[in-house]
Amino acid sequence: MAEIQSAVVAADINDDGKIELVTTDTHGNVVAWTAQGEEIWQVHIKSLIPQGPAVGDVDGDGHTDLVIPTLSGNIYVLSGKDGSQVRPYPYRTHGRVMNQVLLVDLSKRGEKSRGLTIVTTSFDGYLYLIDGPTSCADVVDIGETSYSMVLADNVDGGDDLDLIVTTMNGNAWRSSNQGRNNFASRYNREGIFVTHSSRAYRDEEGKHFWVEIEIVDKHRYPSGFQAPYNVTTTLLVPGNYQGERRIKQSQIFDRPGKYRIKLPTVGVRTTGTVVVEMVDRNGLYFSDDFSLTFHMYYYKLLKWLLVIPMLGMFGVLVILRPQEGMPLPSFNRNTDL
């Protein structure tokens with residue numbers, strides 16, 4: 001191979017349940033290797049490759065694909081099984097594609113997913129949202145260039161995803177990728193996620209709180225589930241807390257599904273971040289996180305501690321008030337009156 005400028009990707013690209021390695025170089029070579037270093041296939045796409053491939057089922061046919069950006073502006077989709085080109089790709093932009101492409105499911109809630117959307121920027125000043133099965137694209141004119149990967153996350157707490165684009169002019173256009181190995185296939189394949197009910201804004205009080213997570217693993221036969229799943233849940237608290245600032249719990253799960261994890265609260269008024277990390281049997285890493293607060297609204301309790309006694313005294317006075325028509329008590333010693 002020639003000079004390798006992009007990251008090596010470790011993922012199950014041919015659906016055999018084993019981890020393969022994918023390398024790309026400046027001469028346009030894409031090579032798949034076994035974990036022992038044996039070549040599986042090699043493809044040449046005639047352009048410098050600045051970033052490593054993204055992995056996922058792009059066209060929704062149930063087989064893993066590789067998405068590769070190039071300096072020529074072409075975006076290739078290769079079959080993970082043998083490296084053959086998936087039609088109707090390549091998709092051509094009108095400028096260099098220098099960033100890592102994002103694969104994301106942008107189908108509407110309740111709608112059956114038919115593949116993934118390829119999201120990337122190009123040096124022609126456009127943001128591209130390319131439909132995986134058809135290669136039809138929606139284009140947004142941002143008028144700037146970018147080297148960084150587009151991120152997708154629920155930033156504003158609504159019911160939809162937001163795309164975050166940063167540019168070389170220092171602008172951020174309205175993250176969190178799924179952990180360190182952000183090239184591996186996750187959508188409709190494998191990952192760990194905090195459920196919507198748990199990641200919604202919350203202020204915790206008391207001694208403990210619950211976090212609901214979901215382990216997703218849709219690997220098919222013959223590989224089957226990539227269990228066991230080693231899950232580590234970490235509560236990160238800032239410097240105004242005098243105790244342990246990283247409260248960790250580790251658990252091992254044998255099957256995918258939803259699970260509830262009990263974490264302790266901290267005894268001070270502060271913020272915190274919960275990070276959920278998972279490592280499967282192949283050593284692939286996945287993560288998700290969300291933020292929350294502790295005891296931010298304690299003053300509401302103080303308000304009621306002041307108001308309730310006053311209301312109680314007022315009630316006692318009302319109940320014990322003199323009855324109508326009864327004379328007021330007198331302390332005069334003149335009994336003739």
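I started with Glu204 and Arg202, whose side chains meet in a salt bridge at 2.7 Å, N to O. This is a predicted model, so I keep that in mind throughout. Glu204 has a relative accessible area of 13%, so I put it down as buried. Arg202 comes out at 14% and counts as buried too, because the cut-off is under 20%.

How many salt bridges does the structure hold? I find 2. Asp288 is buried at 7% relative accessibility, while Arg199 is partly exposed at 26%.

Next, the sheet around β23. I get 5 strands in an open, mixed sheet, ordered β17-β23-β22-β19-β20. β17 (203-204) and β20 (246-253) are the edge strands; each has a single partner, so one side of each lacks a neighbour in the sheet. I then checked β22 (residues 270-279) against β23 (residues 285-294): they pair antiparallel over 10 bridges. Glu277 stands opposite Ser287 in β23.

On the surface I noted a nonpolar patch of Val316, Ile319 and Leu320, with about 330 Å² of accessible area together. Leu320 lies in the segment after α2 (298-319), and I call it exposed because its relative accessibility is 66%.

Last, confidence. The average pLDDT is 83, and 84% of the residues score at least 70. I flagged residues 175-182, where pLDDT is below 50; beyond near neighbours in sequence, this stretch has 24 contacts in the model.

How values were computed: Residues are numbered from 1 along each chain as its sequence is written. This is a predicted model: local features need pLDDT of at least 70, side-chain atom pairs count only at pLDDT 80 or more; totals for chains, interfaces and linings use all residues. Side-chain values use heavy atoms; hydrogens and water are left out. Patches are made of residues with over 30% relative accessible area and no salt bridge: like charges are joined within 9 Å, nonpolar side chains (Val, Leu, Ile, Met, Phe, Trp, Tyr) within 5 Å. Accessible areas come from the Shrake-Rupley method with a 1.4 Å probe; for residues, only the protein chains shown count as cover. A salt bridge is a side-chain nitrogen of Lys or Arg within 4 Å of a carboxyl oxygen of Asp or Glu. Helices (H or I, at least four residues) and strands (E, at least two) are DSSP runs, numbered from the N terminus. Buried means under 20% relative accessible area, exposed over 50%, partly exposed in between (1.4 Å probe, protein chains only). Two strands pair if DSSP finds at least two bridges between them. pLDDT is the predictor's confidence in each residue, from 0 to 100. Contact means heavy atoms within 4.5 Å.
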